[in-house]
Amino acid sequence: MRTDLCGIELEHPVINASGTFDAIAAIRAFGDEVLERFPFSAFVSKTITLAPRQGNPPPRLWEAAAGLINSIGLPNKGLDGYLEHDLPVLARLPVPLVVNVMGFTREEVATLVAAVAERDEVAGLELNVSCPNVESGLIMGADPRETAALVERVRPLTAKPLIVKLTPNATDPAAVAEAAEGAGADAVSLVNTLRGMAHHPRTGEPWLGAGTGGVSGPAVRAIALAQVAQVAERVTIPVVGMGGVETGAHAAALLRAGAAVVAVGTESFRDPRAGARVAAELDELLRKERVSAGA
Amino acid sequence: MNRTLAPFDRRLGQVEAVDAVGAYRRLRCTDPGGPAPRPGQFYMLAMAERWGGGEDERPYLPRAFSYLRWDAGRLEFLLEDVGPGTRRLAEARPGEEIWLLGPLGAGFTAPRDGRAPLLVGGGIGIVPLLPLQSEIPGPALLGFRDAAHATAGALMEDVELCTDDGSAGHHGLVTELLGARLDGHVEIYACGPPAMLEAVRLMTGERGVPAQLALESGMACGFGACFGCVVPTADGYVRVCVDGPVLEAARLEAVPAH
């Protein structure tokens with residue numbers, strides 16, 4: 001089932017959520033089968049920042065009720081390291097590459113967008129706006145004006161698709177989505193993880209090294225569905241829907257709520273081929289719906 | 001080569017038996033089409049049914065286990081009931097289906113410079129040492145809580161045993177046994193609780209003896225996707241699942257307590 005995501009041609013409507021599949025590590029574990037049978041119709045990279053980051057101190061994971069809380073802290077090689085070491089490997093993938101970037105100031109984001117977008121291997125960019133703008137102190141994606149100002153700053157730098165990854169930790173994600181569209185974004189994606197916390201079962205201290213983390217998995221599915229529906233009603237650009245997708249039926253629900261494309265995230269931790277399985281189940285479901293509709 | 005690549009698909013095995021080995025449970029299952037693993041590698045396991053809905057709506061994620069034995073088409077694991085995941089696996093019935101992903105990670109490598117292998121295990125950490133010993137024979141120093149757990153020591157050969165409570169073997173810690181055997185001609189292969197591995201790391205570091213530590217860490221995926229299982233090394237954090245689980249002691253800055 002071919003799909004178009006703001007000009008990026010996809011074999012099927014299931015991609016990965018940023019930070020939930022490392023294609024390079026997967027090749028180390030599973031070999032070239034990863035390239036031959038890539039589970040997603042596009043690959044969205046982990047977040048790249050200007051400077052290299054070590055990430056948060058462990059422990060970084062807590063298994064929550066029907067889900068996961070993570071505080072990974074965006075470890076990455078930094079822009080130069082990514083372009084030099086990772087991009088040549090990712091160029092071997094049989095699907096379009098979307099690079100997710102994040103900066104702590106608008107100028108940082110602009111530097112990242114300009115440097116990444118000029119590479120031929122890159123089909124599109126996703127902006128992670130779930131971090132504070134250190135100049136204003138506001139989370140870039142939690143405030144419509146902050147989001148608009150960011151997208152306006154980077155929009156002129158590239159003609160390639162710009163996807164804004166919305167945070168669900170905002171008062172009104174749909175207003176942020178509208179602001180992103182108004183400033184020239186080509187698509188929005190949601191939901192990112194929801195802020196969560198767990199205590200050490202014996203000491204009662206915060207378990208995660210960073211204190212709090214992001215909740216994902218089935219625990220957020222109903223919240224994601226509602227936010228996708230709300231955002232899809234307010235924007236005309238495509239919506240990439242994600243949050244707790246484990247099956248084709250979960251993906252179909254997001255499409256029904258208005259998403260154009262669906263992303264699989266945490267389920268890939270349980271099943272590295274989850275993306276392909278969800279795509280096949282979705283295809284089967286939609287086929288049956290067409291048959292029963294007499295189409 | 002210390003790493004067999006895993007098939008990209010997780011596969012369904014069938015539980016054949018779950019029996020007691022002292023205070024531990026041994027789970028045997030089929031491994032249809034799975035390749036031969038290398039000592040030190042691990043698998044992600046999850047029951048196909050009723051994986052979830054337990055205490056606090058867990059387990060949700062698969063759990064990482066070193067393999068105890070592999071024989072064409074058949075795998076064995078040793079478990080200790082410490083939480084909702086291990087409890088569900090320990091309660092598995094013959095005929096139930098189990099998801100297998102693996103073998104994963106990098107295992108042990110041969111001793112350097114003609115050194116004699118010396119195996120050091122603590123509790124459930126003896127598991128990866130079993131396939132290692134059948135490939136690289138060497139004496140095993142094993143520590144357990146008590147005699148009930150120490151029964152598992154009989155799975156290995158050439159064993160010197162100790163227990164925390166003195167109910168079997170030497171009364172004391174396995175690192176005391178190691179202290180008496182540590183000389184410049186051995187290479188250490190160790191797996192066990194974090195405090196034991198940290199002590200082994202410090203002891204071998206002081207003496208300049210090479211040591212390969214098989215680490216454990218909470219992990220969501222087992223193949224490098226989640227970045228959750230990191231440990232600190234001289235080159236920054238590395239992922240236990242793809243850079244380990246067997247790591248050089250000299251590379252590590254500490255064995256984390258979690």
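The model is predicted, and every value given here is computed from it. Chain A comes to 10 helices and 14 strands, while chain B comes to five helices and 16 strands.

**Overall form of the chains**

- The radius of gyration of chain A is 18 Å, close to the 19 Å that the globule rule gives for 295 residues, so chain A is as compact as a globular protein of that length.
- Taken along the principal axes, the C-alpha atoms of chain A fill a box of roughly 55 × 50 × 40 Å, and 56% of the 295 residues count as buried.
- For chain B the radius of gyration is 17 Å, close to the 18 Å given by the globule rule for 258 residues, so chain B too is as compact as a globular protein of its length.
- The C-alpha trace of chain B spans about 50 × 40 × 35 Å along its principal axes, and buried residues make up 53% of its 258 residues.
- Among contacts with a separation of 6 or more, residues 24 or more positions apart account for 71% in chain A and for 60% in chain B.

**Where the chains meet, and the nonpolar core**

- In the contact between the chains, 30 residues of chain B are in contact with 33 residues of chain A, and the side belonging to chain B has 19 nonpolar, six polar and five charged residues.
- In soluble globular proteins, nonpolar side chains tend to be buried together.
- Here the largest nonpolar core has 178 residues, and those with the most contacts inside this core include Val101(A) and Val262(A) from chain A as well as Val200(B) and Phe223(B) from chain B.
- Strand E3 (residues 42-47) of chain B gives the most to this core, with six residues.

**Helix H4 of chain B**

- The buried residues of helix H4 (residues 174-181) of chain B are Val174(B), Thr175(B), Leu177(B) and Leu178(B).
- Seen down the axis of H4(B), these buried residues fall within an arc of 150°, so they line one face of the helix.
- The face turned away from that buried side carries the exposed residues Gly179(B) and Ala180(B).
- What covers the buried residues of H4(B) includes strand E8 (116-122), strand E9 (140-144) and helix H5 (194-207) of chain B.

**Two residues of chain A**

- Thr266(A) lies in the loop between strand E14 (261-264) and helix H9 (267-270), and it counts as buried because it has 30 C-beta neighbours inside 10 Å, where 20 or more are needed.
- Leaving aside neighbours within four places in sequence, Thr266(A) is in contact with Thr20(A), Leu68(A), Ser216(A) and Gly217(A), and its C-alpha atom is separated by 8.7 Å from that of Pro218(A), which is 48 residues apart from it along the chain.
- Leu225(A) lies in helix H7 (residues 221-234) and counts as buried because it has 21 C-beta neighbours inside 10 Å.
- Not counting residues up to four places away in sequence, Leu225(A) touches Ala253(A), Leu254(A) and Ala257(A), while its C-alpha atom and that of Asn56(A), 169 residues apart along the chain, are separated by 29 Å.

Notes: Residues numbered from 1 in each chain as written. Chains lettered and ligands numbered in written order. Predicted model: local features only at pLDDT ≥ 70, side-chain atom pairs only at ≥ 80, totals over all residues. Helix = DSSP H or I, 4+ residues; strand = E, 2+ residues; numbered from the N terminus. Buried ≥ 20, exposed ≤ 12 C-beta atoms within 10 Å, placed from the backbone. Contact = placed C-beta atoms within 7 Å. Nonpolar A, V, L, I, M, F, W, Y, C, P; charged D, E, K, R; others polar. Rg over C-alpha atoms; globule rule 2.2 N^0.38 Å. Core = buried A, V, L, I, M, F, W, Y, C linked by C-beta atoms within 7 Å. Arc of directions from axis to C-beta.
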